[in-house]
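Please consider the chain shown below. The paragraphs that follow lead from its overall layout to single residues and their surroundings.

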Amino acid sequence: MRTIGNILWFLLAGWWLALGYVLAGLLAIVLIITIPFGIASFRLAGYVVWPFGRTVVVSREAGVWSLIGNVVWIILFGWELALVHLTAGLLLCVTIIGIPFGVACWKMVPLALVPLGTRVVPISAVDSDRYGVPWRNEPARPI
């Protein structure tokens, strides 16, 4: 089912959302000092092309440099990419079939805003998603 979802996602929104991340990554690499942003942008482009079956894990040990980098990212690239995700989600929700894809697109908005200090991993590598919802038949962890 994930494969079908990923193929539909790619056809409806994934390829042009990933194109936005690739363009942001190329611009970041050209600016030289922002090469880490370019690497993060390319990583996110891979996730945006094929998102189902993978999730994002936030690293609590990212540190102050990740925080500063995320602020710079929001100013340079993040708000535009988040706006593209919001618009794409709205357009996807116009049809009944597109509603789940629109919701998935909206779930990527926080990642578009603050990508540093996160990792994209297979769902099988974690016990619950970043919102604390368990994947398996396990009780939710207390916050």
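Contact here means heavy atoms within 4.5 Å. The model is a predicted one, in which local features need pLDDT of at least 70 and side-chain atom pairs count only at pLDDT 80 or more, while totals for chains, interfaces and linings use all residues. Residues are numbered from 1 along each chain as its sequence is written, and side-chain values use heavy atoms, with hydrogens and water left out.

The secondary structure comprises 5 helices and 2 strands; helices (H or I, at least four residues) and strands (E, at least two) are DSSP runs, numbered from the N terminus. Along the sequence their order is α-α-β-α-α-α-β. The chain has 143 residues, of which 37% count as buried. Buried means under 20% relative accessible area, exposed over 50%, and partly exposed in between, with a 1.4 Å probe and protein chains only. Among contacts with a separation of 6 or more, 66% come from residues 24 or more positions apart.

Methionine 1 belongs to the segment before helix H1 (2-30). Its relative accessibility is 83%, and therefore methionine 1 is classed as exposed.

Serine 41, by contrast, is part of helix H2 (residues 35-49). Serine 41 is buried because its relative accessible area is 0%. Apart from neighbours within four places in sequence, serine 41 contacts Tyr21, Val22, Ala24, Gly25 and Trp73.

The aromatic side chains come next. The whole structure contains 5 aromatic pairs; rings of Phe, Tyr and Trp (its six-membered ring) pair if their centres lie within 6.5 Å, and planes under 30 degrees apart count as stacked, over 60 as edge-to-face and the rest as tilted. The rings of tryptophan 9 and phenylalanine 101 have centres 6.4 Å apart and planes at 40°, so this pair is tilted. Because tryptophan 9 lies in helix H1 and phenylalanine 101 in helix H4 (residues 99-107), the pair ties together parts 92 residues apart in sequence. Both of these residues, tryptophan 9 and phenylalanine 101, are buried.

Phenylalanine 101 also pairs edge-to-face with phenylalanine 52, at 6.0 Å centre to centre and 70° between the planes. Phenylalanine 52 sits in the loop between H2 and strand S1 (54-58), so its pairing with phenylalanine 101 in helix H4 ties together parts 49 residues apart in sequence. With 29% relative accessibility, phenylalanine 52 counts as partly exposed, whereas phenylalanine 101, at 8%, counts as buried. Trp9, Phe52 and Phe101 form one aromatic cluster.

Which helices do the buried residues of H3 pack against? They pack against H1, H2, H4 and helix H5 (109-113). The buried residues of H3 include Trp73, Phe77, Leu81 and His85. H3 itself has a kink of about 65°, centred on isoleucine 74; the bend at a residue is the angle between axes fitted to the seven residues ending there and the seven starting there.

H1 and H3 pack at about 170°, with axes 11 Å apart. Axes are lines fitted to C-alpha atoms, for helices over the stretch in contact, and angles run from 0 to 180 degrees between N-to-C directions. H1 is therefore roughly antiparallel to H3, a class for angles over 145 degrees, where under 35 is roughly parallel, 65 to 115 roughly perpendicular and the rest oblique. Among the residues that meet are Trp9 and Trp16 of H1 and Phe77 and His85 of H3.
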